Amino acid sequence: MRRHRNVKIVATLGPASNDYDMIRALHEAGADVFRLNMSHGSHDEIRARHAMIRQVERDLDSPIAILADLQGPKLRVGEFANGEEELVEGASFRLDLDTAPGDAARVCLPHPEIFAVLEPGARLLVNDGKIRLTVRDCGKDFADCTVTVGGTISNRKGVNVPDVVLPLAALSEKDRADLEFVCQLGVDWLALSFVQRPADVEEARSLADGRAAILSKIEKPAAVKAFDDILAVSDGIMVARGDLGVELPVQNVPPIQKRLVRKCRAAAKPVIVATQMLESMIESPMPTRAEVSDVATAIYEGADAIMLSAESAAGDYPVEAVTTMDNVAIEVENDPTYIEVIEASRRAERHTVADGIVAAAREIAETTDIKAICCYTESGTTAALTARERPRVPIIGMTSIRGTARRMALTWGVNCVMTGELTRFKMAVVNAARAARAQGYASEEDQILVIAGVPFNVPGTTNILRVAPCAEHLIFATDPE
């Protein structure tokens, strides 16, 4: 299904988008990737949603990526005798391992790992930072705190610990079970929550064992500090601005977002900007002007994808939210300033033959009348390298591997087309020309660029760049076997 934009749209499924007709409508409105949030829904519900997505894919003959978002370990306080208490600024409050119901002076925090690394001066943020505590004194089973921001604290509220690296694995026992379940189901991407260090990603990769690509969610200060190392072992990144905005001052998030997006682009790895992009559309058919500007900013920065969470999962206007994102993306990408910004942020990456070929492809496409760049790829790497160049012409990703086509649905500008396995270069050019014509990118009179590797069907062999006519009789008359 041809899109008239390059940035991709990720839509989360949930109670508001839980049947075939709605999922199909979301895809037709512009959703390229569907997110399954493993924090909500049973395995049976997740299996049903997965099956409906694959049915839409078959019915529309359009590769769709499925992203399973693992919950990660959740740190929560225990329960209160009265259900809730009011904490007053300046008061003392203790967190400990005592499982007795809490009161206005203390409550259980059933995570000894936190106490093991706490130090005086560390901050504890409760209920998305609405309540803030500062540690005065601590030991292996307690932390005496001062309330710096008061409010109502109630049963099982979440706790963030921004100032220390916690000795917790990114994968809980639930996550391990969910990971195996969705890998057997056949998802394309795994989003890993609570990433603090590269080892967290490597553990998930070992468990996935090649069955899904690994996308690291950057939502903790420790992950921002270790970002270069985390990026190196990840297949993609999500800038998860929710927890990031809780654990860091909110004014820090925009420059971090911009920096991470640029680093991902330089590494030719897809990056999603997520959280509260069109939050008001949960209840309103129209977004706020600030939300539209936020979506546009992520697109101007060169993000591969922008994401809807509750807007499409539980909101009253899921299709309208996707349509709004699609309209904003088309408008932004047609703005001459967009091209200027994207091209000014291009960084020369010339380390391999493939790097040189995709850079040359962009130069040729932009200085001549080329209608599309067709990339043959087994793993998706060649298409990702081409996308890193952000060419002004469409990118058609050609592959014989269904999983590769689906994963490429997350990469900026790549339109995925399935092709049979090839043994002759001439047929590769013919198939590319047919795809360009069928998708409406070119006519018989036009030319395209074909990027491929010989021998065929071997990852990492990109070594050919061919300017080709779209007229098949000209291909058969001029191209080598």
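Lys and Arg count here as positive, and Asp and Glu as negative. On that basis, the protein chain of this predicted model carries 53 positive and 69 negative side chains. The centres of the two sets lie 4 Å apart.

The overall dimensions were examined next. The protein chain has 481 residues and a radius of gyration of 24 Å. A compact globule with 481 residues would have a value near 23 Å, so the two figures agree. Along the principal axes, the C-alpha atoms fill a box of roughly 85 × 45 × 45 Å.

The protein chain holds 18 helices and 21 strands. The accessible surface comes to about 19000 Å². Carbon and sulfur atoms account for 51% of that surface.

Helix α9 covers residues 253–266, which is 14 residues. At 1.5 Å a residue, this helix should span 20 Å. The C-alpha atoms at its ends are 20 Å apart, so the span agrees with expectation. Buried residues in α9 include V253, I256 and Q257. L260 and V261 are buried as well. Towards the end of the numbering, C264, R265 and A266 are also buried. A268 follows α9. The phi of A268 is positive, near 60 degrees.

Definitions and conventions
Residues numbered from 1 in each chain as written. Predicted model: local features only at pLDDT ≥ 70, side-chain atom pairs only at ≥ 80, totals over all residues. Heavy atoms only, no water. Helix = DSSP H or I, 4+ residues; strand = E, 2+ residues; numbered from the N terminus. Rg over C-alpha atoms; globule rule 2.2 N^0.38 Å. Areas by Shrake-Rupley, 256 points an atom, 1.4 Å probe, with all protein chains shown as cover. Charge placed at Lys NZ, Arg CZ, Asp CG, Glu CD. Expected span 1.5 Å × (residues − 1). Buried < 20%, exposed > 50% of the residue type's maximum accessible area, 1.4 Å probe, protein only.
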